[in-house]
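I opened my notebook to look up two spots in this model. Here is what I found, entry by entry.

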Amino acid sequence: ASLRVLVDGDPGFTQILWDQYVVEGEPLPEYDFHYTVGRNIGTASSTAPTAGRFWRPIFHPIDVDLFPARPVSAAAPFTTIMSWNGRGIRFNGTAYGAKDMEFAKFLDLPSRTSTPLEVAVGGPDVPIERLTAAGWGTRSSVSVTLTFDDFRSYIAQSRGEFSVAKNVYVATNSGWFSDRAGAYLASGRPVVLQDTGFSAHLPCGTGLFAVRTVDEAAAAIDAIGSDWNRHSRAAREIAG
């Protein structure tokens, strides 16, 4: 007999949606096993519901051989690839959203570090002028991800990654960790990522930094810049 396995890549959102189905008496999809990249889902560390399912924690797999650690210019920016906004959801009277809700906390980051910062961003209503005025470089997320080689090349031309997470991941302390961040790490590119609770499950402080505030983000980027080679090696070791 075949097994049906769900791998949830949208932790917090998926469980809230399923919980709504339960409340409304709607049938849930049937799976034999439920996995999630939200490492804290189903534990006391996360406020996300479980919809009566047992969620097994995993990381996105990464093949480090696909992402060789190539040299990069010291003037290269920290980058990320992201969608600006997306669908929202409510749970217990609280509205949860996407990355646009969290990015506001870090909007003035370029003024706090000498390292150039760039976002390859897509989606409706991206405030390009506001981002540019705050010092962010911008690219089209579509243009840098048309092919796998484009995606890999964009990462290779980056000094590291700085990224926020979706509001629902942060607010529920889901423990989500990005597959994209895994690709940066494998490429030897240090990562500064807004903490979703993943810091309880991965080594942070060398090569990978979990941050909650703009000051923490600036300090992490500057720390990486002061000894980039060490942080680059550590990044690849974490991915491996």
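This is a predicted model: local features need pLDDT of at least 70, side-chain atom pairs count only at pLDDT 80 or more; totals for chains, interfaces and linings use all residues.

**Entry one: a pair of helices**

I looked up how helix α4, residues 148-156, sits against helix α6, residues 179-186. The two pack at an angle of about 60°, and their axes are 9 Å apart.

Next I asked myself: which residues of α4 and α6 meet? From α4 I found Phe151, Tyr154 and Ile155, and from α6 Arg180, Ala183 and Tyr184. I sorted the residues of this contact into 5 nonpolar, no polar and 1 charged.

**Entry two: threonine 113**

I then moved to the loop between α2 (99-103) and β7 (117-122), where threonine 113 lies. Is threonine 113 buried or exposed? Its relative accessible area is 10%, and buried means under 20%, so threonine 113 is buried.

I followed its side chain to see what it touches. The side chain of threonine 113 reaches the backbone nitrogen of threonine 115 at 3.2 Å. It also makes a polar contact, at 2.8 Å, with the side chain of aspartate 222. When I left aside neighbours within four places in sequence, I found threonine 113 in contact with Ile221 and Asp222.

Key:
Residues are numbered from 1 along each chain as its sequence is written. Side-chain values use heavy atoms; hydrogens and water are left out. Axes are lines fitted to C-alpha atoms, for helices over the stretch in contact, and angles run from 0 to 180 degrees between N-to-C directions. Helices (H or I, at least four residues) and strands (E, at least two) are DSSP runs, numbered from the N terminus. Contact means heavy atoms within 4.5 Å. Ala, Val, Leu, Ile, Met, Phe, Trp, Tyr, Cys and Pro count as nonpolar, Asp, Glu, Lys and Arg as charged, and the others, Gly among them, as polar. Buried means under 20% relative accessible area, exposed over 50%, partly exposed in between (1.4 Å probe, protein chains only). A polar contact is a pair of N or O atoms within 3.5 Å; within protein, one must be able to donate a hydrogen and the other to accept it, and residues adjacent in sequence count only if both atoms are side-chain atoms.
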